[in-house]
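Student: Could you take me through one part of this structure slowly? I would like a close look at a single spot, and then at what surrounds it.

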Amino acid sequence: MTPSALRSLDELLFHFRSLARKAPSDWERSFARSILRASKRPSWQPSDKQLRIMHRMVADMFVAEPDLIDTGMGGHHAA
């Protein structure tokens, strides 16, 4: 990920509220809740490893599943 593609910590934490409820795995939901709790401490900063995971999880929220993209070439043909 290039530096220009990195999201701010505030933006990551904003998206983590959704991930705490709707992340695909129990581990991700638990991680998101843990980060949100820790972020309430004024001096808290994520470790480098936590920050990498946070960026990956938020980026994954915006990746479209290939089979869900409507290409307009479905099985409907004009007769």
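**A close look around Glu28**

Tutor: Happy to! Leaving aside its neighbours within four places in sequence, Glu28 touches Ala23, Arg56 and Met57. Keep in mind as we go that this is a predicted model. Glu28 itself is part of helix α2. Is Glu28 buried or exposed? Its relative accessible area is 13%, and buried means under 20%, so Glu28 counts as buried.

Let's step back to see where that helix sits. The chain has three helices and zero strands, and from the N terminus the order of elements is α-α-α. Of the 79 residues in the chain, 27% are buried, and Glu28 is one of the buried residues.

Now back to the partners of Glu28. Arg56 and Met57 are among the α3 residues that take part in the contact between α2 and α3. The axes of these two helices come within 12 Å and cross at roughly 120 degrees. The helices α2 and α3 are therefore oblique to each other, and their crossing is left-handed. On the α2 side, the contact is made by Trp27, Glu28, Phe31 and Ile35, while α3 brings Gln50, Ile53, Met54, Arg56 and Met57. Sorted by type, the residues of this contact are six nonpolar, one polar and two charged.

How many aromatic pairs does a search of the whole structure find? It finds two. In one of them, the rings of Phe16 and Phe31 have centres 6.0 Å apart and planes at 70 degrees, so this pair is edge-to-face. Phe16 belongs to helix α1 (residues 9-22), and Phe31 to helix α2 (residues 26-38), so the pair ties together parts that are 15 residues apart in sequence. Both residues are buried: Phe16 has a relative accessibility of 0%, and Phe31 has a relative accessible area of 12%.

The other pair is made by Trp27 and Phe31, with ring centres 5.1 Å apart and planes at 10 degrees, so these rings are stacked. Trp27 and Phe31 are four residues apart in helix α2, which means about one helical turn separates them. Trp27 is partly exposed, with a relative accessible area of 47%.

In general, two packed helices are described by the angle between their axes and the distance between the axes. For α1 and α2, the axes come within 8 Å and cross at roughly 140 degrees. That makes these helices oblique to each other too, therefore, and α1 passes α2 in a left-handed crossing. Here Leu13, Phe16, Arg17, Leu19, Ala20, Arg21 and Lys22 of α1 meet Arg29, Phe31, Ala32, Arg33, Ile35 and Leu36 of α2. The residues in the contact of α1 with α2 divide into eight nonpolar, no polar and five charged.

The axes of α1 and α3 (residues 48-61) come within 10 Å and cross at roughly 60 degrees, which makes α1 oblique to α3. This crossing is left-handed as well. From α1, the residues are Leu9, Leu12, Leu13, His15, Phe16, Ser18 and Leu19, and they meet Leu51, Met54, His55, Met57, Val58 and Met61 of α3. This contact has 10 nonpolar residues, three polar and no charged. Notice Met57 in this group: Met57 is also a contact partner of Glu28.

Finally, have a look at the loop between α1 and α2, where Pro24 is found. Pro24 has 73% relative accessibility and so counts as exposed. Although Pro24 and Met61 are 37 residues apart in sequence, their C-alpha atoms are 9.9 Å apart in space. Across the chain, residues 24 or more positions apart account for 55% of the contacts with a separation of 6 or more.

Technical notes. Residues numbered from 1 in each chain as written. Predicted model: local features only at pLDDT ≥ 70, side-chain atom pairs only at ≥ 80, totals over all residues. Heavy atoms only, no water. Axes fitted to C-alpha atoms, helices over the stretch in contact; angles between N-to-C directions. Parallel < 35°, antiparallel > 145°, perpendicular 65-115°, else oblique. Left-handed = near helix turned anticlockwise from the far one by under 90°. Contact = heavy atoms within 4.5 Å. Nonpolar A, V, L, I, M, F, W, Y, C, P; charged D, E, K, R; others polar. Phe/Tyr/Trp six-rings, centres within 6.5 Å; stacked < 30°, edge-to-face > 60°. Buried < 20%, exposed > 50% of the residue type's maximum accessible area, 1.4 Å probe, protein only.
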